[in-house]
Amino acid sequence: MASHAAAEAHHLLVVDDDPRLRDLLRRFLEREGFRVTAAGDAAEARHMLKLMHFDLIVLDVMMPGESGLELTEALRRERDVPVVLLTARGAPEDRIAGFERGADDYLAKPFEPRELALRIRTILRRLAAPAAQAQASGPVRLGEATFDPARGLLMKHGEPIRLTSGEAALLGALATRAGETLTREDLAAALGQEDAGERAIDVQVTRLRRKIETDPREPSFLQTVRGRGYVLRPG
C-alpha cells in the first residue's frame, strides 16, 4: 500500500464509450489508489470538467460524436490537465496524431492495465516534482521567453505559456543539458516514451518550437543536429 500512497489524492477522469471497459478501468485504477470519475463520451466529460478538478484524463480516441482527438485539442486551449489517449488503432501515424493534438501519452488497445497505471504515475510524478528532476542553476533565456526547469514554467512577456507535461519534460531535458546534443532516444527516455518512435519526438519538438521560437521554421534556440538529434541553445 505504501507504493500507492502518493496516488491517493489524484483524481482521474476516465472517458470511454464502452461501458464494460470503462467500469473495468474505474475499478482497477481505484484499487491502485486513485480517485476515479467515469464518463461515457466527450459531452459528459465536458460536464464533469465543469464540476470537478481532475489531475489527469484517460481518454478513448474512437467515440461517437466528438472524438478523443478533438476533445484533446480543445482541452489544450482551455486547461493544463494531462491526457493519456487510448485507442484500438496503434499504428505510428495514429500515435503521432495524438501527440499533434497535445496528448501527454498514448496507449494502444489491448493493453496491460498495470502499464496504464505506470504511465499515469510517470506523468503525475513528472508534474509533482520538477525541481527534483531539474539540475539547471536557474531559468533559461530563450529570446523573449524564459523557461524555469525547476518549476517547469515557460513565461513570455510576463505571461505563462501553456505546456503539456510532455512539452515541459522535453524542454526541461534540453535545458538542463543546454548546448549538448540529445538523441531522440535520450528525449524519449526523458519523457518515459521509449516506445513512442522518432517521429513522435519530432512532432513534440515541432509543438514546442511554436511556443518558444519567433519563426518555428527557422529555429534559433531548439535546433536540429542533422543525423543526431536536437540541441537547445539559450540566448
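Start by selecting P82, which sits in the loop between α3 and β4 (helices are DSSP runs of H or I with at least four residues, strands are runs of E with at least two, both numbered from the N terminus). A quick heads-up: this is a predicted model, where local features need pLDDT of at least 70, side-chain atom pairs count only at pLDDT 80 or more, and totals for chains, interfaces and linings use all residues. Residues are numbered from 1 along each chain as its sequence is written, and side-chain values use heavy atoms, with hydrogens and water left out.

Is P82 buried or exposed? With 4% relative accessibility, P82 is buried (buried means under 20% relative accessible area, exposed over 50%, partly exposed in between, using a 1.4 Å probe and protein chains only). Now show what P82 touches, skipping residues up to four places away in sequence: D55, L56, I57, R76, D104, I123, L127 and S165. Touching, or contact, means heavy atoms within 4.5 Å.

Colour five strands in the order β2-β1-β3-β4-β5 and you have an open sheet with parallel pairing (two strands pair if DSSP finds at least two bridges between them). Look at the edges: β2 (35-39) and β5 (105-108) each have a single partner strand, so one side of each has no neighbour in the sheet. On average, neighbouring strands here are turned by 20 degrees against each other, direction ignored. Axes are lines fitted to C-alpha atoms, for helices over the stretch in contact, and angles run from 0 to 180 degrees between N-to-C directions.

Zoom in on β1 (residues 11-15) and β3 (residues 56-60), which pair in the parallel sense over four bridges. Pick V15 and you'll find its bridge partner, L59, in β3.

Last stop: select helix α7 (residues 165-176). Eleven of its twelve residues are buried, so α7 is largely enclosed by the rest of the structure. Among those buried residues are S165, L170 and L174.

Zoom out: the chain has nine helices and eleven strands, and 51% of its 235 residues are buried.

Terms used
Expected span 1.5 Å × (residues − 1).
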